[in-house]
Amino acid sequence: MFFRSIRTKLTAWYSLVVSVTLISFGLTAYYSTSNTLSENLDRSLKNEVKWLNEILAKKFPRKHTPPARRPQEVKPGETKPEEEELEPTDEIWNQIYEHTLLNPKKQFIQITDTRGRKLYKSSSLGKDSLYYAEVPFNHILLVSTSEFKDVSLRLAVTQNERMKIYVAYPLEDLNEVLDNLFSNFLILAPIAIFLSIGLGWFLANKSLKPVDEMSKTARDITAQNLNQTIPHSGVNDELGRLALTFNEMIARLRSSFDQIKQFSIDASHELRTPLTIMRGEMELALHSEKSPQEYRRVIASNLEETIRMSAIVENLLTLSKADLGRVEIQHEVVPLHEVIRDLYEDGEVLAEKKNIKVTLENVDEVNVPGDKVRIRQLLLNLIDNAIKYTPENGSVSLSLKHLNGMATVSVCDTGIGIPTQEIPKIFDRFYRVDKARSRAMGGSGLGLSIAKWIVDAHGGKIEVRSEIHRGSTFTVYLPANLLTSAR
């Protein structure tokens, strides 16, 4: 459990990053320092050799040498004249000696003639000598050698037609600097890594502390205390947005729980009323003898209440299936103008009892993709509601238009109207503006909820405009498939 915690993982990743960075930096610094020191040493040795070569080339005198004879001109019994030896002057050696005094004591300088005879060597060499055989004329050769007292040297050597010049410096100083750098890194790197682990653990604790507090608060929130929220620091960072997201989720849960509670209460109330009526009538019928007509009246009343309960249960089942996504919507071309004309005739029949005038104002021939049965159910619910909530001798009008690629169906009535503040709630299940009047009219408070679901399932929308005592207009917008002609 410890190794699976985010705190441990953050600390491990932080320490790993620091360790890799330190190692990379250490290796880079080591090799960079090594290259810099080697380059500086080589540059110094080359400059030293070049300077000695220039001084000696200008100031080293030569005795007069007679013209050399050709080999065939040497007479029998004569010996070949030896080449004239170079003779240094005190002025030149004093100048070189003073120069060597100003340079590090570990620097070795040796000058020989072409035959290997030593013309000069620094006191640091003692009785030892420097030697390197193959050197191109007037080239400076840089080599590393360990032939001198088992000490590694960096040697610069050049040769001209008169002499060889050697300048060497032991590599132990350079290696000592690199060894010290490496030793310091071996000491400081573990300390830095341990400090990074401690600092990483501290930062992880500091950063994740608000998350722990959120977890504890969220663990304490139940269905009974959904009013409790996650503490929010007010800072718009990742944790602040996480807290806001949790609070929004809790608010949605609270709203859902409230809706479920209200739904349960409303459903119980809706079903309890017809059951109470049925029970009372049946008890009265059983307590005393009734005539056949009275029994028929009781049975008819019970049948009416049973039909009402069946409708409520059927609507609840439809909405429940819709919530679970188990209602299949057929996809076919629906001639909406034909559906409107059929519903207009049905509306006239429904409105006849209340002497309500139903008119068909405008019908464009429009096809819409969707489920014909569900679309008919949607529009029939709207027409039925308009007739229910319109007083006698009122009017209901229907229209179908094709506007901007949408089939627009309007159902307008001259009914009791809906208060403006109530309009956003009318599509909630079991919600009714006037519960007593709606129940008396046979409504269950589910028709508009089903209508809203059908519209949403077809990718449309529904709008409501209403004025108290002047009527309401429900407008449905559905994506149109084809406009053929207008009448």
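Nine helices and 12 strands make up the secondary structure assigned to the protein chain in this predicted model. The chain has 487 residues, of which 35% count as buried. Its accessible surface comes to about 30,800 Å², and carbon and sulfur atoms account for 56% of that area. Among the contacts in the chain with a separation of 6 or more, 66% are between residues 24 or more positions apart.

Leu203 belongs to helix H3. The relative accessible area of Leu203 is 38%. Leu203 is therefore classed as partly exposed, a category that lies between the limits of 20% and 50%.

A charged residue in a buried position was examined next. Arg374 is located in helix H7, which covers residues 372-388. Arg374 is buried and has no salt bridge. The nearest side chain of opposite charge is that of Asp371, at 4.9 Å. The side chain of Arg374 does make a polar contact of 2.9 Å with the side chain of Gln377. When residues up to four places away in sequence are left out, Arg374 touches Thr318, Val327, Ile329, Trp453, Ile454 and His458.

Key
Residues numbered from 1 in each chain as written. Predicted model: local features only at pLDDT ≥ 70, side-chain atom pairs only at ≥ 80, totals over all residues. Heavy atoms only, no water. Helix = DSSP H or I, 4+ residues; strand = E, 2+ residues; numbered from the N terminus. Buried < 20%, exposed > 50% of the residue type's maximum accessible area, 1.4 Å probe, protein only. Lys, Arg positive; Asp, Glu negative; His and termini not counted. Salt bridge = Lys/Arg side-chain N within 4 Å of Asp/Glu carboxyl O. Polar contact = N/O pair within 3.5 Å; in protein donor to acceptor, adjacent residues only side chain to side chain. Contact = heavy atoms within 4.5 Å. Areas by Shrake-Rupley, 256 points an atom, 1.4 Å probe, with all protein chains shown as cover.
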